[in-house]
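Hello,

Here is the structure I promised to pass on to you.

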Amino acid sequence: MKKAFGVLIAAALLFSLVGCGQPAPKEWTIPFLNSLTGAIASIGEYLEWGAERAAKEINDAGGIKGKPVRIVGVDTALDPQKGSTEMARLVKDTLVALGPVPEPVIMASMPIAVENGMPSITATTSLEYAQKFFPWTISWFPSTQDRLAPLVAAWAKQFPDMKQVVQFVENYGPWPGMADAHVAGITGLGMKVLDKVEVPSDAVTFGPLVVKALNEKPDGIVFVCKPASAAKLIKELKNRGWKNMDHLLLFSSADAPDLYATGGKDINGAEIYNYINPNLDTPRWNAFKQAYASSHNGEQPPSLSTNYYDAVYMIKDAIEKTGVTGSPSKLKAERKMIADYMQNVKGFHGIMFDWDMKDGVPTNKPTYIFKIQDGQKVMVQEVK
Amino acid sequence: MPLPLYYFLSITAVNILLSWALYLPYRVAHLHFITVANMAISGYTAAWLVMTLNVPFAWALLAGFAMGGIVGWLVSLFIGDAPTFAVVIVGFTFIFIARTVIENLKAVGGTMGIFGLPNIGGSPDTHRWTIMAILAGLLLLVGFLLHRFDHSRLGRAASAVFVDKELAASLGVDIRGLGMLLQTVSCTIAGGAGVLYGFIYKSFHLDFFTFALVGIAMTIIFVGGYATQWGTVVLAPILYGVPLLFPPSIQEWRIVIYGALLVLVLVLKPEGFITRRFVFSIESFLSGSRKKRNIS
């Protein structure tokens, strides 16, 4: 009996030592907490596509430090319960992760990453959410107020005849804050911002909302709501005689396939702002566009499709430039090295442009205003 | 305790409490979805107390229970004896009202939510063990009370109301009083569950309290068995835990599997898996064993 007990103790000691000498893995595995099923599965699909595309390019060029990188999609199904459990599983031995997506899952699961000191890039949410989890994530966007006020002011400056602006606002996450930033930009030019018209998330008919807005006699309208809702509102506006299409401005989150599918030619002439310029003509972007089109029935890449593409490259840079080995025994230290690197990366070569980070916030990302024409975006101006 | 196990157990416990909160008024045929709104109201209240007024968690939790009970009682004054359909409509409406009020309240973060709730007891480990201990205690307490209720005169009265209100009234059952009592207790349980739900995540967002939560609780109750409290206990961990073990290709079909399961059970086994007859036979078996032990 004693002998058997001794053997058991020896075996336990042996197994406990196994972890100490664990070699670095043969590939870099990056889990991506993403909504692959549920209401925003279509967005989750192209976010994941972007990350996979970057991994493919990196692997074709020899991998990261000679080892291939693999993106592992982890479905959170837009469910905070599932998101938190999946994050709890990942934090044990993951070096760095992508996601989660979107805000409710971020709020439920990022505290677990923070508590365990694991970096996870939340590249679709605003600074206002991301900064709560610094330094274990970074913000993909600058401060809403700093970024959007001058952007909307640049749009409004085009039209000296515009005196009164109304906003359609849907109460979701950071969107009311974005609407407030628009107000700051417009009132700064001496224009009047009328009472906002709230768009219910589950709105089915949009006529009454449009009538309410038109009763205020606006010269310009800003849309801060879901893409399909914005398209339907514009259709209703046109039905009621709205002519000045360029006096309509759609916010960045409306720039999604549903907008163009629902709006068709009715949204031609409306303006929209965003952070990527699809008209860019560089070999890297053209290859991205072509690959996206060939795997998505000829569609153009949506605006968020590059976020996790760039995020994977940022992780690659972090690993290569900080000497991260991927060894499980150095997990804690190497997670910190990656997080610190990303907080203040300088001259990062994104697919669209180069940018710097300062304390987790991008400092010099440009924004663009476009005019919509037959499902395409025609550049109006770049706002820095 | 391993982190995944903690999240699995704690969220399962909250799902059981929420399902029991729905089960209780359903004993008198009230599908009382106001419970989900109460989770949000109580949760946000407790979070505001902790974050803004630095109220200790224990008091905030009690305030959450109290808030749930008060809201439930106030609403029950109007729908204590309402038909099932009216209660459902009031519940859905109340969820919308609660969401609209909360998303317009800057004090609780509006549409952004509340971040960075503190660790109870100062450290993450203490936080987790405290949450688990409270949830375990609550499950035992609420489970015991439900068991007592189901075997009491009130429970039998509730069964009579479920089958035929008029018959129950003719037997002297105070339908309105019983409905009010069950709705108030149900909302009290939901209030406490809501506080604990947010403190598990250490944050509150309105999308934690959506109709998806109603769907989860409904599936747990109706597939598990709506005629006893035990169906919930059996199905909550299965429904939440088993899909986590599915390979990703099957996980994509999770919602379809839930839906198909619900339809199949409603068609083939309308009372759910754990029926009253099944529980009765288990209880008879156990009491028989006990008697035998006593004799020996």
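Predicted model: local features only at pLDDT ≥ 70, side-chain atom pairs only at ≥ 80, totals over all residues.

I began with the nonpolar cores. The largest one has 155 residues, and those touching the most other members are Ile30(A), Ala51(A), Leu17(B), Leu18(B), Ala193(B) and Leu196(B). Helix H1 of chain B (residues 3-26) is the biggest contributor to this core, giving 16 residues. As for Leu196(B), its contacts beyond neighbours within four places in sequence are Val14(B), Ile131(B), Ile134(B) and Leu135(B).

Next, the contact between the chains: 28 residues of chain A and 27 residues of chain B take part. On the chain B side, H1, H10 (230-245), H11 (248-251) and H12 (254-268) each give two or more residues. H1(B) gives the most to that side, with five residues. By class, the chain B side comprises 15 nonpolar, seven polar and five charged residues.

Finally, a helix pair in chain A. H12(A) (residues 307-322) and H13(A) (residues 331-343) pack with their axes 9 Å apart, at an angle of about 115 degrees; they are therefore roughly perpendicular to each other. Their crossing is right-handed. H12(A) contributes Met314(A), Ile315(A), Ala318(A), Lys321(A) and Thr322(A) to the contact, while H13(A) brings Met337(A), Ile338(A), Tyr341(A) and Met342(A). Seven of these residues are nonpolar, one is polar and one is charged.

Best wishes

Terms used:
Residues numbered from 1 in each chain as written. Chains lettered and ligands numbered in written order. Axes fitted to C-alpha atoms, helices over the stretch in contact; angles between N-to-C directions. Helix = DSSP H or I, 4+ residues; strand = E, 2+ residues; numbered from the N terminus. Parallel < 35°, antiparallel > 145°, perpendicular 65-115°, else oblique. Left-handed = near helix turned anticlockwise from the far one by under 90°. Contact = placed C-beta atoms within 7 Å. Nonpolar A, V, L, I, M, F, W, Y, C, P; charged D, E, K, R; others polar. Core = buried A, V, L, I, M, F, W, Y, C linked by C-beta atoms within 7 Å. Buried ≥ 20, exposed ≤ 12 C-beta atoms within 10 Å, placed from the backbone.
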